[in-house]
Amino acid sequence: MITIDRIETVLVDLPAIRPHKLAMTTVNVQSIVLIRLFRSDGVIGIGEATTIGGLAYGDESPEGIKLAIDTYFSPIMIGQNADRPAEIMAAFDRHIVGNRFAKNGLETALLDGLGKACVLPVSELLGGRRRDALPVAWTLASGSTDRDIDEGVEMLEACRHNIFKLKIGMGDVDEDCRHVEAIAKALGGRSSIRVDVNQHWSRAEATRGVAWLDSLGVDLIEQPLLGTDIEGMTALSCTAKAAIMADEALTGPQSAYRYAQAQAADVFSVKIAQSGGLTKAGKVADVGDVAHVALYGGTMLEAGVGTVASAHVFSTFKKLEWGTELFGPLLLTEDILSDPLTYCDFSLAVPDGPGLGINLDEDKVRHFARTN
């Protein structure tokens with residue numbers, strides 16, 4: 001039996017190319033938890049657990065994730081069969097409540113190790129990929145309308161992105177909608193324009209804001225209301241011209257089922273971290289499939305490891321009508337992979353090597369690793 005010998009975690013702080021302004025925080029540095037899983041056959045699986053803005057986005061922080069893995073998850077894993085990720089993930093759910101981001105990073109490492117040992121890509125371990133490239137959106141969130149327009153034009157001319165998501169919700173509804181209007185006029189004829197409110201509108205604000213955005217031809221509106229306001233999301237989904245997408249509301253298959261049952265979203269933003277792992281993200285997609293809810297591949301602004309893990313999962317989906325937003329590594333000044341991911345023709349190529357199909361640049365990891 002191949003066993004798990006030890007788990008190592010390290011915090012890595014990677015600077016952003018510019019401030020990335022969301023409704024709840026501004027990201028200048030993305031902090032990730034890098035995970036190494038050492039198997040008794042000498043194979044090392046790697047994983048990543050990443051959230052946004054410390055505790056600004058959710059109830060897990062990079063520091064808390066590392067502590068939880070070192071203190072609670074590792075003792076469950078050491079000595080266990082490294083070739084049985086599902087068995088280990090079931091043990092996590094029996095003994096550890098929540099901690100979805102940590103569970104996701106560890107399942108990534110387990111599957112990467114198993115894939116390397118079996119000489120199979122992670123996508124094949126998850127049922128088999130249906131596509132080798134994924135459409136990728138770019139988020140315009142510099143905080144400046146003019147800069148966002150210039151950035152969008154640059155992306156279009158480079159054939160890197162023709163889908164743009166605008167982060168709003170931080171300011172007044174009228175101010176936000178005027179910002180979207182200017183960008184839609186500049187880029188809308190050549191691209192898909194979408195917005196993300198990150199749960200920051202009240203029902204009254206959403207009613208006014210969604211009507212304005214509909215008049216601008218915005219294609220998709222992401223989580224305008226609190227994820228817990230299922231009734232409000234249902235009402236918007238029934239009246240809006242734009243597709244209404246659930247994001248923060250989706251914390252795994254059960255939440256996806258509740259939203260599907262209530263017809264509270266036209267689209268699911270599937271995130272491996274929010275779902276609690278790659279396998280559960282696939283189950284969220286399954287709920288969407290049977291309920292005729294369209295799918296979108298979301299991001300937690302992961303660096304290379306987490307982005308590739310997401311790509312492997314999304315490549316297996318039966319349908320991926322709204323593409324993905326796996327641009328995380330492009331937002332960072334440094335890539336911690338020895339071979340950068342391939343972005344071209346408005347898409348991300350899914351690696352086809354064993355496991356995740358990537359390797360770390362150990363020098364860069366050491367350089368950006370947190371020492372205290």
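Contact here means heavy atoms within 4.5 Å of each other. Helices (H or I, at least four residues) and strands (E, at least two) are DSSP runs, numbered from the N terminus. Keep in mind that this is a predicted model, where local features need pLDDT of at least 70, side-chain atom pairs count only at pLDDT 80 or more, and totals for chains, interfaces and linings use all residues. Residues are numbered from 1 along each chain as its sequence is written, and side-chain values use heavy atoms, with hydrogens and water left out.

Let us start with helix 8, residues 230–239. Buried means under 20% relative accessible area, exposed means over 50%, and partly exposed lies in between (1.4 Å probe, protein chains only). In helix 8, the buried residues are I230, G232, M233, T234, L236 and S237. What lies over them? The cover of these buried residues includes helix 7 (203–215), strand 9 (243–246) and helix 9 (253–262).

Now look at how helix 8 meets helix 9. Two packed helices are described by the angle between their axes and the distance between the axes. Axes are lines fitted to C-alpha atoms, for helices over the stretch in contact, and angles run from 0 to 180 degrees between N-to-C directions. The axes of helix 8 and helix 9 cross at roughly 50° and come within 10 Å. Angles under 35 degrees count as roughly parallel, over 145 as roughly antiparallel, 65 to 115 as roughly perpendicular, and the rest as oblique. Helix 8 and helix 9 are therefore oblique to each other. On the helix 8 side the contact is made by I230, M233 and T234, and on the helix 9 side by R258, Y259 and A262. By class, this contact of helix 8 with helix 9 has four nonpolar, one polar and one charged residues. For these classes, Ala, Val, Leu, Ile, Met, Phe, Trp, Tyr, Cys and Pro count as nonpolar, Asp, Glu, Lys and Arg as charged, and the others, Gly among them, as polar.

Helix 1 (residues 62–77) packs against helix 2 (residues 85–95) at an angle of about 135°, and their axes are 10 Å apart. That makes helix 1 oblique to helix 2. Helix 1 contributes F73, I76 and M77 to the contact, while helix 2 contributes I88, A91, F92 and H95. By class, the contact of helix 1 with helix 2 has six nonpolar, one polar and no charged residues.

The loops deserve a visit too. S191 sits in the loop between helix 6 (173–187) and strand 7 (192–196). Is S191 buried or exposed? With 13% relative accessibility, S191 counts as buried. A polar atom of the S191 side chain lies 2.7 Å from the backbone oxygen of L187. Leaving aside neighbours within four places in sequence, S191 touches L156, N162 and F164.

G277 belongs to the loop between helix 10 (272–275) and helix 11 (278–291). G277 is buried, at a relative accessible area of 0%. Apart from neighbours within four places in sequence, G277 is in contact with R100, N104, E107 and I272.

Finally, two loop residues other than glycine have a positive phi. C159, between helix 5 (145–157) and strand 6 (163–167), has phi near 55°, and counts as partly exposed at 34% relative accessibility. Q263, between helix 9 and strand 10 (267–270), has phi near 50°, and counts as exposed at 57%.

Conventions. A polar contact is a pair of N or O atoms within 3.5 Å; within protein, one must be able to donate a hydrogen and the other to accept it, and residues adjacent in sequence count only if both atoms are side-chain atoms.
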